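Please examine the sequence and the model shown below. The briefing that follows describes the fold, topic by topic.

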Amino acid sequence: MADNGPVIDPAHFRQVLGHFPSGVCVVTTVVDGAPAGFAVGSFASVSLDPPLVLFCAANVSSTLERITRAGAMCVNVLAEDQEAVCRNFASKSTDKFAGVGWQPSGNGCPRLDGVLAHIDAHVSDQVVEGDHTVVIGRVTDLAVHHEGGPLLYYRGGYGRFVI
Ligand SMILES: Cc1cc2nc3c(=O)[nH]c(=O)nc-3n(C[C@H](O)[C@H](O)[C@H](O)COP(=O)(O)O)c2cc1C
């Protein structure tokens, strides 16, 4: 049998990894005219040439299944005053877009009002690793919308960037 290394307690894994601070995005898509999206802290840039980005999605995420079907997404970078938006999109609500202003982005996926920036991409690859899938997107359009501060996530709580 293959040696998979030492057993790591999941609660310990979460607690230690929670010490790595992140920004927060809402990744959106649209399937059959219906918008979908979820909060993501695992977003990162991958490559400049070609322009690639990635995020990791739990295999059980309903949004992941929709992004796979649509083959397109919009990454919305949340501003410091958008904690409520993040909590809403981190929920299992079936109507996450109720009360949220948005416009269709260049690829038709929802671009939320008030975000710092957005990145449109089409899915160029998906790699299943354990209980998550790494989704790699080829960037098709991107823009900054305002220069406010970012929403940050650290040790299970929300915060702001202070210099
Ligand atoms: C700050 C924050 C960051 C998150 N980052 C991720 C992530 O990177 N990947 C992921 O799959 N879920 C992440 N989640 C959890 C999802 O947003 C949550 O499970 C959501 O309910 C999934 O919805 P869906 O099943 O409708 O796609 C995060 C939640 C929060 C609050």
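A residue is called buried if 20 or more other C-beta atoms lie within 10 Å of its own, exposed if 12 or fewer do, and partly exposed in between, with C-beta atoms placed from the backbone. Six of the seven residues of strand E2 are buried, so this strand is largely enclosed by the rest of the structure. The model is a predicted one, in which local features need pLDDT of at least 70 and side-chain atom pairs count only at pLDDT 80 or more, while totals for chains, interfaces and linings use all residues. Residues are numbered from 1 along each chain as its sequence is written.

**Overall form**

- The protein chain contains three helices and 12 strands; helices (H or I, at least four residues) and strands (E, at least two) are DSSP runs, numbered from the N terminus.
- For 163 residues, a compact globule would have a radius of gyration near 15 Å, and the 16 Å of the protein chain agrees with this. The radius of gyration is taken over C-alpha atoms, and the globule rule is 2.2 Å times the number of residues to the power 0.38.
- The C-alpha trace of the protein chain spans about 50 × 35 × 35 Å along its principal axes.
- Of the 163 residues of the protein chain, 29% count as buried.
- Two residues are in contact if their C-beta atoms, placed from the backbone, lie within 7 Å. Among contacts in the protein chain between residues at least 6 apart in sequence, 66% join residues at least 24 apart.

**The sheet**

- Seven strands form an open sheet in the order E3-E2-E6-E9-E10-E5-E4, with antiparallel pairing. Two strands pair if DSSP finds at least two bridges between them.
- The edge strands are E3 and E4 (44-47), each of which pairs on one side only.
- From one strand to the next, the twist averages 35°. Axes are lines fitted to C-alpha atoms, for helices over the stretch in contact, and angles run from 0 to 180 degrees between N-to-C directions.
- Helix H2 lies across E2 (25-31), E3, E5, E6, E9 and E10 (132-144), and runs at about 55° to E2.

**Strands E2 and E6**

- Strand E2 is joined to E3 by seven bridges and to E6 by four bridges; both pairs run antiparallel.
- Valine 27 stands opposite phenylalanine 38 in E3 and opposite valine 75 in E6.
- The bridge partner of valine 26 in E6 is asparagine 76.
- In E6 (residues 72-77), six of the six residues are buried, so this strand is largely enclosed by the rest of the structure.
- In a regular strand the side chains alternate between the two faces of the sheet. Ala72, Cys74 and Asn76 point one way from E6, whereas Met73, Val75 and Val77 point the other way.
- Strands E6 and E9 (residues 117-129) pair in the antiparallel sense over six bridges. Cysteine 74 stands opposite aspartate 120 in E9, and valine 77 has alanine 117 as its bridge partner there.

**Residues around the ligand**

- Which residues come nearest to the ligand, of the 18 around it? They are Gly41, Ser42, Ser61, Thr63 and Ala90. A residue is near a molecule or strand if its C-beta atom, placed from the backbone, lies within 6 Å of it.
- Strand E3 (34-40), strand E5 (52-58) and helix H2 (62-70) each supply at least two residues of this shell. Strand E5 gives the most, with four residues.
- The shell has 11 nonpolar, six polar and one charged residues. Ala, Val, Leu, Ile, Met, Phe, Trp, Tyr, Cys and Pro count as nonpolar, Asp, Glu, Lys and Arg as charged, and the others, Gly among them, as polar.

**Backbone features in the loops**

- Most residues other than glycine have a negative phi, and most peptide bonds are trans.
- The peptide bond from aspartate 49 to proline 50 is cis, with omega near 5°; proline 50 is found in the loop between E4 and E5.
- Aspartate 32 takes a positive phi near 50° in the hairpin of E2 and E3, which has two residues between the strands. Aspartate 32 is exposed, with 7 other C-beta atoms within 10 Å.
- Arginine 155 has a positive phi near 50° and is found in the loop between E11 (151-154) and E12 (157-160). With 10 C-beta neighbours inside 10 Å, arginine 155 counts as exposed.
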